[in-house]
Amino acid sequence: MNALAATSRNFRKAARLLGLDSKIEKSLLIPFREIKVECTIPKDDGSLVSYVGFRVQHDNARGPMKGGIRYHPEVDPDEVNALAQLMTWKTAVADIPYGGAKGGIGCNPGELSTSELERLTRVFTQKIHDLIGIHTDVPAPDMGTNAQTMAWILDEYSKFHGHSPAVVTGKPIDLGGSLGREAATGRGVVFASEALLAEHGKSVNGLTFVIQGFGNVGSWAAKLIHERGGKIIAISDISGAINNPNGIDIPELLKHKACGGSLLNFAGGNAMDPNELLVHECDVLIPCALGGVLNKENAASVKAKFIVEAANHPTDPEADEILSKKGVIILPDIYANAGGVTVSYFEWVQNIQGFMWDEDKVNSELKKYMTRAFHNIKNMCKTHDCNLRMGAFTLGVNRVARATVLRGWEA
Ligand code: NDP
């Protein structure tokens, strides 16, 4: 099942639990606007090349639309649509005053020079500048894009509209980016895990963790779990997986990687079959890499008691059912990885205020938002007698539906 089908299915289930009117249900699924532009640029060798850029603006009932821009050869309009919709529910779950959007350019950034990427980003911005904006739609980095991409968008947009740092988030700190943004998704994953474990009378300290992926999210989550006394007994990246039943020394692993070492030649762990990682015995499994990694082939063998979905869509719907029947508790992606967009919201607030927060304030506000969202989700679980995924979906969908009705949507 692709991302669009899975998101729409979860939305429909939530709409049924909430008893939403069928007209409002239909209207919430239809995107506000879908933009498709041709971006033609000269390559460094003088030839002309054209790429298709997309922006799907799903919903703005609760505020400006918010979501990443990805550069990837397989940017597919259906997937962008699903991810835009998911952003609408995610920002509502986190209770930040945004709607949802997503965009991208169908290109392979690895095959473009820095100057070609800059030209492409500027042309894309020229084509969409009057459809994005501080109070309209605020892009952020995603797969294949980064803080530099946001700096180019900011610069190009500002040529048309005057200096506008709040038009994008995930910027370099020197251009108004927020302290704490780089760690935010991983830190949010840890705050979410702490809230879940506290509910079960447990804490990170002393529990065993398995983490798939050691990139931005996985490495920050691992570092913060290690600092809190959690034992990370297995971890992987694209090159393979390692384990250590006594706990992997994460600060040493980070030093080893920073010096150019690979996960597999780290002395503090033994190489293991990466396929075995997801079914390794542990208390908490945190997928931080790809979508669809938990599926009907491996779900029955999962031994973790808790799964915290740091990646987007790591559990496909068949696996979801198998795991639920086994009593595995899953903290869903639309909540668990919302720390990134929450700190993006703090960045936007700081830009609008013209006042920079210190990192402690960013982190303590993030904890407040993540903890409050968890309790809001639990309340929905009690009201609708449902699991955490449906608790999060009913929370998000209900907030967007209420805002839509209050604004008056049938005129
Ligand atoms: P990164 O690209 O920084 O890291 C991805 C990690 O996954 C890398 O360690 C990569 O290995 C590893 N990886 C890739 N393929 C495999 C594989 N087959 N098996 C095991 N590991 C693999 O991405 P992020 O950390 O930013 O994002 C991770 C997930 O979190 C994604 O699903 C993303 O959509 C989601 N997410 C990220 C947010 C953010 O703010 N960054 C916000 C919300 C969601 P290697 O290092 O060797 O390349």
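Guide: Gly 339, Thr 342, Val 343 and Phe 346 in α12 meet Val 362, Glu 365, Leu 366, Tyr 369 and Met 370 in α13, where two residues are in contact if their C-beta atoms, placed from the backbone, lie within 7 Å. This is a predicted model, in which local features need pLDDT of at least 70 and side-chain atom pairs count only at pLDDT 80 or more, while totals for chains, interfaces and linings use all residues. Residues are numbered from 1 along each chain as its sequence is written. The helix names follow DSSP runs numbered from the N terminus, a helix being H or I with at least four residues and a strand being E with at least two.

Helix α12 covers residues 339-353 and helix α13 covers residues 359-384, and the two pack at an angle of about 125°, with their axes 10 Å apart. Here the axes are lines fitted to C-alpha atoms, for helices over the stretch in contact, and angles run from 0 to 180 degrees between N-to-C directions. That angle makes α12 oblique to α13, because angles under 35 degrees count as roughly parallel, over 145 as roughly antiparallel, 65 to 115 as roughly perpendicular and the rest as oblique. The crossing of α12 past α13 is right-handed, meaning that the near helix is turned clockwise from the far one by less than a right angle.

Elsewhere, helix α5 (residues 147-161) has 15 residues, and Gly 162, whose phi is positive, near 80°, follows α5. What covers the buried residues of α5 includes α4 (114-128) and β5 (137-141), a residue being buried if 20 or more other C-beta atoms lie within 10 Å of its own.

Definitions and conventions: Expected span 1.5 Å × (residues − 1).
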